[in-house]
Amino acid sequence: MTASSCILAIDQGTSGTKSLVFDSKGNICAEATIPLKTSYFGEGFVEQHPEDIYKNVLQSVRACLQQYQSTGASLSAIASCGISNQRETFLLWDEFGSPLCNAVVWQCKRSVDVCYEMQSLDLGNVIHDKTGLFIDPYFSGTKLIWLYRNNPEIQKAIKAGEAYFGTVDTWLLYRLTKGEAYLTDYTNASRTLLFNLNTLSWDRELIALFGLEGIRLPEVKPSSYAFGSSHFEGLFKRALPVQAMIGDSHAAAFGEACIYPGTAKATLGTGCSILFNVGTERRNSNSGMVSTICWSTEDRVDYALEGIIVSCASPLAWLKTELGLLTDFAEAENMATSVTDNNGVYLIPAFSGLGAPFWDMNRKASLEGLTFSSNKNHIVRAALESIAYQIQDVLSAMKQDTGIPIQELMVNGGASSNNFVVQFLSDLLEAKVIRNENKNVSAFGAGFLAGLKANIFPDLDSVQSLYHRHPIAKTTQVAKVAEAYRGWQRFIHATKS
């Protein structure tokens with residue numbers, strides 16, 4: 001390692017962009033977060049403005065660099081840049097980088113009817129065999145089809161070969177390099193329904209089947225790669241190499257040391273992505289899991305199974321804003337521990353349908369087991385418990401699919417700071433639960449991959465030595481938690497749509 005080499009890591013998420021600079025020992029030198037606006041309208045439409053995304057990133061980087069320089073540090077010490085991004089969100093633009101429409105966010109549900117049509121045509125198996133994914137609005141391809149059918153200007157541009165498609169990483173790279181670099185990585189490509197997981201290339205048969213011939217698609221590379229370089233609109237005097245691009249959940253997996261088979265991570269945010277490293281060969285699922293890329297370098301590609309939980313911590317926001325059961329998210333932990341159990345109350349958090357392992361798009365959220373003895377603390381506790389229950393559902397399915405036992409589960413994301421959730425999860429699982437004290441695992445994952453390409457880190461072992469791991473011990477409540485989970489299973493199966 002070169003002690004003076006630092007890395008700029010950019011984590012562009014749905015709610016904002018975090019930028020940080022860290023050194024070769026993993027010490028954060030500066031960081032800044034700028035919020036990003038999301039528009040919700042109509043029946044499940046969710047969009048962001050493309051220019052807002054780009055400007056949001058630049059504002060975040062600028063604020064981070066100003067803080068970095070205020071310490072007396074020189075920008076010349078920053079040797080590389082890695083970018084992690086919100087997955088499945090995609091954009092369309094022309095050769096000049098002008099957007100053809102707003103960014104369609106991963107949460108958007110506009111393509112439900114397209115999904116039904118695909119299912120009626122019995123396309124599920126061929127799509128899953130090729131892409132590892134399911135027919136669901138969550139993934140980019142179905143919403144791209146919707147745009148093609150419902151926006152005449154976009155249809156015209158696609159037919160003419162003038163529409164550039166890309167996930168957020170590609171959009172940022174294209175703009176940062178003034179159109180010189182039109183690339184993405186395996187992880188982001190693998191979330192589009194257009195990418196063949198077996199050949200690691202765009203699947204022209206699927207593209208034709210979807211009626212999208214003419215769409216321009218970026219060249220696909222490993223996550224750790226020389227993607228291009230940028231002055232970041234004048235923030236750097238010399239062009240800074242962008243040497244990693246990776247979807248945020250995959251970046252979190254790498255940032256959580258999911259480097260070897262049997263390791264898994266759960267990001268507890270608005271939704272939850274559970275990635276389970278299955279090694280260098282693809283594994284398929286018969287239990288509602290997605291097959292995907294875990295992470296990749298030019299020398300190695302690791303695959304993963306992923307369980308996608310649509311509503312993880314988001315029900316707490318609903319309890320706060322719509323029901324007024326709590327005034328601050330920090331209250332939730334104390335409310336949950338103020339009662340000895342959930343009193344038979346369960347929250348099925350299907351506010352946007354259910355993800356893995358059920359994949360029920362029409363499922364509605366419900367509160368089960370309410371009696372006159374139920375109070376708001378039981379309801380809040382039920383919301384927190386539902387996070388652990390859903391993770392257990394997914395991990396059980398993964399173990400069944402692969403025969404590979406879960407050795408370790410690393411947890412990160414906002415809800416992982418809730419001690420009740422993490423302890424309840426540890427008591428529930430038959431695996432070691434580890435909380436990383438680093439709250440920036442997606443950014444660090446992208447930064448570590450950039451550092452590997454830049455030779456700041458010589459190998460994977462040198463990266464792994466930087467992780468901070470804190471196992472969560474089980475308590476005497478294991479049997480009681482297991483009984484509570486059996487109650488969850490009764491309700492989750494009894495109330496299927």
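Helices (H or I, at least four residues) and strands (E, at least two) are DSSP runs that are numbered from the N terminus. The model shown in these views is predicted, and for that reason local features need pLDDT of at least 70 and side-chain atom pairs count only at pLDDT 80 or more, while totals for chains, interfaces and linings use all residues. Residues are numbered from 1 along each chain as its sequence is written, and side-chain values use heavy atoms, with hydrogens and water left out.

View 1. A pocket, on a 1 Å grid over the protein atoms alone, is an open set of points with protein on both sides within 12 Å along at least five of seven lines, whereas a cavity is a set of points where a 1.4 Å probe fits but cannot get out; lining residues have an atom within 4 Å of a point. The largest pocket holds about 1100 Å³ of space, where a volume is the space filled by probe spheres set on the points, and grid points are joined across faces, edges and corners. This pocket is lined by 41 residues, and those closest to its centre are S15, D248, T267, G269 and T270. At least two lining residues come from each of β2 (16-23), α9, β16 (263-268), β17 (272-279), β19 (301-309), α10 (314-321) and α14 (441-453). By class, the lining of the largest pocket comprises 13 nonpolar, 22 polar and six charged residues, with Ala, Val, Leu, Ile, Met, Phe, Trp, Tyr, Cys and Pro counted as nonpolar, Asp, Glu, Lys and Arg as charged, and the others, Gly among them, as polar.

**View 2. The second largest pocket.** The space in the second largest pocket amounts to about 850 Å³. Of the 33 residues that line this pocket, Q107, K109, F351, S352 and G353 lie nearest its centre. Both β5 (45-48) and α10 supply at least two residues each to the lining, and α10 gives the most, with four residues. The lining of the second largest pocket is made up of 17 nonpolar, nine polar and seven charged residues.

**View 3. The cavity.** The structure holds one cavity of 30 Å³ or more, and about 40 Å³ of space lies in the largest cavity. Its lining is formed by I309, L354, G355, A356, P357, F358, Q390 and D393, which divide into five nonpolar, two polar and one charged.

**View 4. The six-stranded sheet.** Six strands form an open sheet with mixed pairing, in the order β3-β2-β1-β6-β15-β14, where two strands pair if DSSP finds at least two bridges between them. Because β3 (28-35) and β14 (224-230) stand at the edges with a single partner strand each, one side of each is left without a neighbour in the sheet. From one strand to the next, the twist averages 25 degrees; axes are lines fitted to C-alpha atoms, for helices over the stretch in contact, and angles run from 0 to 180 degrees between N-to-C directions. Within the sheet, strand β1 (residues 6-12) and strand β6 (residues 78-85) pair in the parallel sense over seven bridges, and the bridge partner of I7 in β6 is S80. Helix α9 (residues 248-255) lies across β1, β6 and β15 (240-247), and runs at about 100 degrees to β15.

**View 5. The seven-stranded sheet.** This open sheet has the strand order β18-β19-β17-β16-β22-β23-β24, and its pairing is mixed. At the edges stand β18 and β24 (469-472), each with a single partner strand, so one side of each is left without a neighbour in the sheet. Between one strand and the next the twist averages 30 degrees. Helix α13 (residues 419-428) packs on the sheet, touching β16, β22 (408-412), β23 (432-436) and β24, and its direction makes about 155 degrees with that of β23. Strands β16 and β17 run antiparallel and are joined by five bridges, with C272 in β17 as the bridge partner of L268.

View 6. Strand β18 (residues 290-296) is mostly covered, with seven of its seven residues buried; buried means under 20% relative accessible area, exposed over 50%, and partly exposed in between (1.4 Å probe, protein chains only). D302, which has its place in strand β19, is also buried, with a relative accessible area of 0%. Leaving aside its neighbours within four places in sequence, D302 is in contact with I259, N277, G279, T280, I293, C294 and W295, where contact means heavy atoms within 4.5 Å.
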